[in-house]
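Trainee: I have a few questions about the terms we use for this model. Could we go through them together?

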Amino acid sequence: MTHENTPRFTPEITPTLEELQAQERRLVLKQFTHDDAWALGTLLVELARERQAPVAIDIHRAGQQLFHAALPGSAPDNDAWIARKRRVVERYGVSSYLVGSRFRAKGTTFEESSRLDPDTYAAHGGSFPINVEGVGVIGAVTVSGLPQLEDHRFVVEALEDFLSKG
């Protein structure tokens, strides 16, 4: 018999490069307005509150911060991680987790091989490109506060939910 509060431990299955690339192709928006940033940001906040996730959430478009929230348990360090992960999306045009995974697939790490300052860039999961159909990547939605794969999955889940709502 399990209680609702009993944590379920399941092994984390690391997604393949193919699965991560499929997410990038699937999660393309028709548009992304200020109102869309608010809707996506509040969706992320609601999901985080339901899960009592100690995260900070950030949405940037074209160099402008359109949404930011820091939930209980998050810290100033989360904002620094957000900025570093977002810069990876801005530079590479794909999720920060995919960038890190590509380096790991080559038997190295982003920090060892990218030649970029790790105080400025972090290829850790949690930042995902805002990709608009016919336009390309215009920004990023970023979460920080959970282990990197969980940060990544959290953003992907919210984007899937946001897209399904049209």
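Trainee: Why is Arg115 called exposed?

Mentor: Arg115 has a relative accessible area of 81%. Exposed means over 50%, buried under 20% and partly exposed in between, with a 1.4 Å probe and protein chains only, so Arg115 counts as exposed. By the way, this is a predicted model, where local features need pLDDT of at least 70, side-chain atom pairs count only at pLDDT 80 or more, and totals for chains, interfaces and linings use all residues. Residues are numbered from 1 along each chain as its sequence is written, and side-chain values use heavy atoms, leaving out hydrogens and water.

Trainee: What is the phi of Arg115?

Mentor: Phi is near 65°, a positive value in a residue other than glycine. Ala62 also has a positive phi, of about 50°, and is not a glycine either.

Trainee: How do you know whether Ala62 is buried or exposed?

Mentor: Its relative accessible area is 71%.

Trainee: What makes a set of residues a nonpolar core?

Mentor: Its members are buried Ala, Val, Leu, Ile, Met, Phe, Trp, Tyr and Cys residues joined through side-chain atoms within 4.5 Å. The largest such core has 29 residues, and Phe32, Leu40, Leu44, Ile57, Ile59 and Val141 touch the most other members.

Trainee: Which residues is Phe32 in contact with, beyond its neighbours within four places in sequence?

Mentor: Among them are Ala37, Leu40, Ile59, Arg61 and Ile138; contact means heavy atoms within 4.5 Å.
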